[in-house]
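Subject: Structure handover

Hello,

Please find the structure below.

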Amino acid sequence: MQERNAWVDYAKAIGIILVVYGHVARGVFNAGLPMEEGKYLLVDSIIYTFHMPLFFFLSGLFFYDSLMKRGKTGLIVNKVDTIVYPFIVWSLLQGLTEVALSNYTNGQVTLVQVFSLLWSPRAQFWFLYALFLVFVVCSFVYAKADRRYFLPILLVFGVLYVFNQDLPMGNVGGFIFGNAIFFALGVWFNEVKAFFLARYVPLTLLFGTMFVIGQYLFHITFGLNWEVGGLPVLVLATVSILFMIALSMWLGQIRMEWLLFIGASSMTIYLMHILAGSGVRVILSRFLGIDSIPVHLMVGTLIGLMAPLLAQVIIKRYNFYFLLTPPKLVSATNLRMRRALAN
């Protein structure tokens, strides 16, 4: 792992831990277990103000260099392999599993819902659906733009985000313009990355203070929720992302291999954690009779992280790469690896 990218994996690790915890907590709450509603809603809203925008931001960090290297067509084809393929495979795997186990879970998932994935993505897979759309749109937007236009493009996406709910964009437009701003923020951040890397300690303290104050004002003083969207959420999400990035750069001075591994494996965890976390909740509550909220949250989050990592090891050990990448991409990757080893 390259040292210069360690902070990116730390940021991914923070983000995916929040994703898993957030989904575990929602599952516990929706299952009707004795959870204090006020605290649950507060923590849920704090997490949802920034954890998915953080992943769009991180996806935008390396976008422009990749676009310049691959071109529009090459980049989009690459994202079909790395985003669309796992989106389809795991939407079907998780959806069909949920249909089969619907008597034990919170929701009643139907086959129609499962097979509507191409126009109505379900569960956590909306992120991959939206991310691919954002990649496609930004591939055309940035194809002829040099770095002078990064900030103007960011501002345009910001305006579209603020007025997204008031414009007749439809579901696809909502997926794109509700998230492209954070992707564009990641693209633009490369212009100030060196500044952050040189001053990550004071910036962590600054944005950390702004994060706490902003979250307090947003949720406690004004009583708002992340779903209100608009300018308040945009500002809060931006401050929160910059805090997480500065903090990750600070953490980047320390080698925590387990956290780096979680960050590097965030895609696998994202694809599989719902099945793992839901399975833990069902076993604890229905079969073991355990209703303790701390136990559900801690064990559910831990298994939601660890089970996909174990599955990833098994996939590599037994060459089940088709679960994550198209067979043709696996073949090409293996060929390159063999050539590298031969040299």
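Helix axes come first: they are lines fitted to C-alpha atoms, for helices over the stretch in contact, and the angles between them run from 0 to 180 degrees between N-to-C directions. Helices themselves (H or I, at least four residues) are DSSP runs, numbered from the N terminus.

Two notes on the source. This is a predicted model, in which local features need pLDDT of at least 70 and side-chain atom pairs count only at pLDDT 80 or more, while totals for chains, interfaces and linings use all residues. Residues are numbered from 1 along each chain as its sequence is written, and side-chain values use heavy atoms, with hydrogens and water left out.

Helix pairs

Two packed helices are described by the angle between their axes and the distance between the axes.

Helix α7 (residues 150–162) and helix α12 (residues 230–251) have axes that come within 8 Å and cross at roughly 130°. On the α7 side, G158, Y161 and V162 meet G230, L231, V233 and L234 of α12; contact means heavy atoms within 4.5 Å. Sorted by class, the contact of α7 with α12 has 5 nonpolar, 2 polar and no charged residues. Here Ala, Val, Leu, Ile, Met, Phe, Trp, Tyr, Cys and Pro count as nonpolar, Asp, Glu, Lys and Arg as charged, and the others, Gly among them, as polar.

Helix α12 also meets α1. The axes of α1 and α12 come within 8 Å, with a crossing of roughly 125°, and that makes α1 oblique to α12. The crossing of α1 and α12 is right-handed (a crossing is left-handed if the near helix is turned anticlockwise from the far one by less than a right angle, and right-handed if clockwise). W7, Y10, A11 and I14 of α1 meet M244, I245, L247, S248, M249 and L251 of α12. By class, the contact of α1 with α12 has 9 nonpolar, 1 polar and no charged residues.

The axes of α1 and helix α2 (residues 37–48) come within 10 Å and cross at roughly 150°. That makes α1 roughly antiparallel to α2, and α1 passes α2 in a left-handed crossing. From α1 the contact takes L18, Y21, G22, H23, A25, R26 and F29, and from α2 it takes E37, Y40, V43, D44, I47 and Y48. By class, the contact of α1 with α2 has 8 nonpolar, 2 polar and 3 charged residues.

The core

How many residues does the largest nonpolar core have? It has 98, and those with the most contacts inside it are F63, Y142, F189 and I245. A nonpolar core is a set of buried Ala, Val, Leu, Ile, Met, Phe, Trp, Tyr and Cys residues joined through side-chain atoms within 4.5 Å. Buried means under 20% relative accessible area, exposed over 50%, partly exposed in between (1.4 Å probe, protein chains only). Helix α1 (residues 6–30) gives the largest share of this core, 14 residues.

I245 lies in helix α12 and, at 0% relative accessibility, counts as buried. Leaving aside its neighbours within four places in sequence, I245 is in contact with W7, A11, L54, F57, L58 and F189. Among these, L54, F57 and L58 are also buried residues of α3. Helix α3 (residues 51–61) is mostly covered, with 10 of its 11 residues buried.

V239 is another residue of helix α12, buried with a relative accessible area of 12%. Not counting residues up to four places away in sequence, V239 touches F207, M210 and F211. V239 and M210 are 29 residues apart in sequence, yet their C-alpha atoms are 6.9 Å apart in space.

Loop residues

N179 lies in the loop between α8 (170–177) and α9 (180–189). Is N179 buried or exposed? At 10% relative accessibility, N179 counts as buried. Beyond its neighbours within four places in sequence, N179 is in contact with F56, W126, A130, V134 and G174.

A123 is found in the loop between α5 (111–114) and α6 (126–142). Phi of A123 is near 50°, a positive value in a residue other than glycine, and at 39% relative accessibility A123 counts as partly exposed.

N319, in the loop between α15 (293–317) and α16 (327–342), has a positive phi of about 60° although it is not a glycine. At 54% relative accessibility, N319 counts as exposed.

Regards

Notes. Helix = DSSP H or I, 4+ residues; strand = E, 2+ residues; numbered from the N terminus. Parallel < 35°, antiparallel > 145°, perpendicular 65-115°, else oblique.
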